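Visitor: I would like to learn how to read a few features of a protein model. Please take them one by one.

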Amino acid sequence: MQNEKIQKPVTAGQADKPQLNFWQIWNMSFGFLGIQYGFGLQQANMSPIFRYLNADEAAIPALWLAGPVTGLIIQPIIGAMSDRTWSQRWGRRKPYFLIGAIITSLALILMPNSSTLWMAASMMWVLDAGLNITMEPFRAFIGDKLNVQQRTLGFAVQSFFVGFGQTLANLMPFILPIFGLTIAAAGTNNIPDFVKYSFYIGALAVLAAVLWTVYTTNEYPPENMAEFERQKKQAGGVLGAFTEVAHALREMPTTMRQLWWVKFFTWYGLPLMWQYLSLAIARHAYDAPNADSPGFAEGTRWGSLCFALFNVGCFGISFFLPAIAKVISRRGTHALFLSIGGLGFLSMLLSNDKSIFVIGMTLVGLAWGSIMSMPYVMLSTSVPKERMGVYMGIFNGFIVVPQIINMITIPFLYDSVLGSDPRNALVLCGICLFLAAGACFFVKETVRSEKAAFPTGPGGN
């Protein structure tokens, strides 16, 4: 792999950005491997960690509030701030990569050593803050660095790292026993050794991967530095970032507004998967309804395998989505795969055998492949180059607001509507995906939508 050499200074908004070779695109996306490893650890392990620390099942959605709330606040602000940042030494987005990676690594080390529930919940907030600070600039990085012709390859490489990072995190409970780490509990907090060492490895992976991108990749300076400095002063720092977000919200593209209900139903349901899948497997496939039950750790381990196959399904279908969309339209493709994901969740009612969860989550992975790409392809208006970061953050709000609503309302529904059964929470998730599929047909597409798309990739909040 080679360090990138800039041929000439060009602004992130110019159309004549130089052609980068494959390894340069690989290097600039490599940090995503560590970020998504961190997200994969969080998604597969946080609910079991909360249960090890005696959290009530009904309260688990509220404990997950850290992700969407920090995403809602941090991503638009960091996006707007990074749009207005330039350092000759550090660049525009890279300072945020590095700061977020350091925060994330510290949180990953401390998380599995939590001695109380409140400590784990607090570390969840710190972890999500770090991941969101790091991820948002990475989303704008593709638009900054690549010309239009190379963006498809850039997003494909980034998506590869997303899938690989999360799959690797999900497989750690099966990899670490090879090196002598069993599922037996350790320490005073009952969190197994394999969970702790997975988090320690994650801390190293996040920092190392982001440092690789920082070291190997340069950023393009603003074309007109005097104008850039004038706009930065006019923006007014953090307060100016809030103002910029407000202006961008008022000028939101029409199709972006129409995608709200698609995203709402999708992301009201999906948190239930991360919150309750491992608990449903432990209860129904291993007869382990709580953390003290024999088999609970095995159920958590099997949940990690299900998430791994979920990511494999996502990665595998991603290559075929463009061809399918050409045949049945982009919104039709998204509706189809959301429905497949809904069927995957409903299929988990068919049996208590652990294999049914593997099959169901593989089908959900196909839906996840569409969720990570099709909504963005349906956007019909170009994002202004000077607002690339802030619009990335605002669109993330379509993901985090439904999650916040989920995490506020589910604790009131869990014991009554869902019958205190985590598998019923997965069924509700499937119903939500069917509703999202129906909402797709209220979105109007235009012929310009593919050129205007700005995919953000999966994982995270």
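Guide: Start with burial: a residue is called buried when its relative accessible area is under 20%, and exposed when that area is over 50%. C440 has a relative accessibility of 0%, so C440 counts as buried. Keep in mind that this is a predicted model.

Visitor: Is C306 buried or exposed?

Guide: C306 is buried, since its relative accessible area is 0%.

Visitor: How many disulfides are there?

Guide: A disulfide needs a pair of cysteine sulfur atoms within 2.5 Å. By this rule the count is 0 disulfides.

Visitor: How do I read a lysine such as K145, and where is K145 found?

Guide: K145 belongs to helix α6, which covers residues 117-145. With 1% relative accessibility, K145 counts as buried. A polar atom of the K145 side chain is 2.6 Å from the backbone oxygen of N218.

Visitor: Which residues does V195 touch, apart from those up to four places away in sequence?

Guide: With those sequence neighbours set aside, V195 touches N45 and I49. V195 sits in helix α8, residues 193-216, and counts as buried at 4% relative accessibility. Sequence distance and spatial distance can also be read side by side. V195 and P173 are 22 residues apart in sequence, and their C-alpha atoms are 7.3 Å apart.

Visitor: What is the phi of D287 near, and where does D287 lie?

Guide: Phi of D287 is near 50 degrees, a positive value in a residue other than glycine. D287 lies in the loop between α13 (271-285) and α14 (296-318).

Visitor: Why does D287 count as exposed?

Guide: The cut-off for exposed is over 50% relative accessible area. D287 counts as exposed because its relative accessibility is 65%.

Methods:
Residues numbered from 1 in each chain as written. Predicted model: local features only at pLDDT ≥ 70, side-chain atom pairs only at ≥ 80, totals over all residues. Heavy atoms only, no water. Helix = DSSP H or I, 4+ residues; strand = E, 2+ residues; numbered from the N terminus. Buried < 20%, exposed > 50% of the residue type's maximum accessible area, 1.4 Å probe, protein only. Polar contact = N/O pair within 3.5 Å; in protein donor to acceptor, adjacent residues only side chain to side chain. Contact = heavy atoms within 4.5 Å.
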